[in-house]
Amino acid sequence: AQQLIDRLEAEPRKPGEELFVGPTDLRYTPYTDAFFYYLFPELRPSTYFIEMDPFDSKPGTRLASDVNDADWVILTNVWNGWIEPNKSTHAGSNLPNEIIARDFCRVGSWGIIPDNAGNALPMYQLFHRCKPRKALP
């Protein structure tokens, strides 16, 4: 996390830019590392609620809009193995993931964390908007 923080600190940022922080797969939103918002007070949170819960990824929620409003995105794989006996294991809309893939460029990734199958994944990833915002469907 410190390497990501150092990199984002070194990146040119403009007043009024927004930051989105979430899990790598935004179809599942059990939790997020909200402390990043505190560390970058000059970047406005692009989310209405700072913390996420399992219902944020449901179709029709504002998650896709929140991602679409962002200029910077921090995604983490730390919480991908979260399993509880509730709706947090149900996949939500893939639209937020599609927006990141379509409109953002990866600045870097840091750390290694294994997934449930033992594959090595980056612990943290930083993205910057590299394409203009598009209207949501």
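In which sense do strands β1 and β3 pair, and over how many bridges? Good morning, everyone. The model before you is predicted, and I shall take this pairing as my starting point. Strands β1 and β3 pair in the parallel sense, over 5 bridges. Within that pairing, F20 stands opposite V73 in β3.

Let me turn to β1 itself, which spans residues 18–23. It also pairs with strand β2, residues 44–45, again in the parallel sense, here over 2 bridges. L19 has P45 as its bridge partner in β2. Of the 6 residues of β1, 6 are buried, so the strand is largely enclosed by the rest of the structure.

Next, please find I74, which lies in strand β3, residues 72–76. Is I74 buried or exposed? Its relative accessibility is 0%, and because buried means under 20%, I74 counts as buried. Leaving aside residues up to four places away in sequence, I74 touches, among others, L19, F20, V21 and G22, and also L4 and L8. The C-alpha atoms of I74 and P23 are separated by 8.3 Å, although these residues are 51 apart along the chain.

Finally, I come to helix α1, residues 2–10, whose buried residues are L4, I5 and L8. They cover an arc of only 100° around the axis, which means that they lie on the same side of α1. On the other side of α1, Q3 and A10 are exposed. The elements that cover the buried residues of α1 include β3, together with α2, β4 and β5. Thank you for your attention.

Note on methods: Residues numbered from 1 in each chain as written. Predicted model: local features only at pLDDT ≥ 70, side-chain atom pairs only at ≥ 80, totals over all residues. Heavy atoms only, no water. Helix = DSSP H or I, 4+ residues; strand = E, 2+ residues; numbered from the N terminus. Buried < 20%, exposed > 50% of the residue type's maximum accessible area, 1.4 Å probe, protein only. Contact = heavy atoms within 4.5 Å. Arc of directions from axis to C-beta. Pairing = 2+ DSSP bridges.
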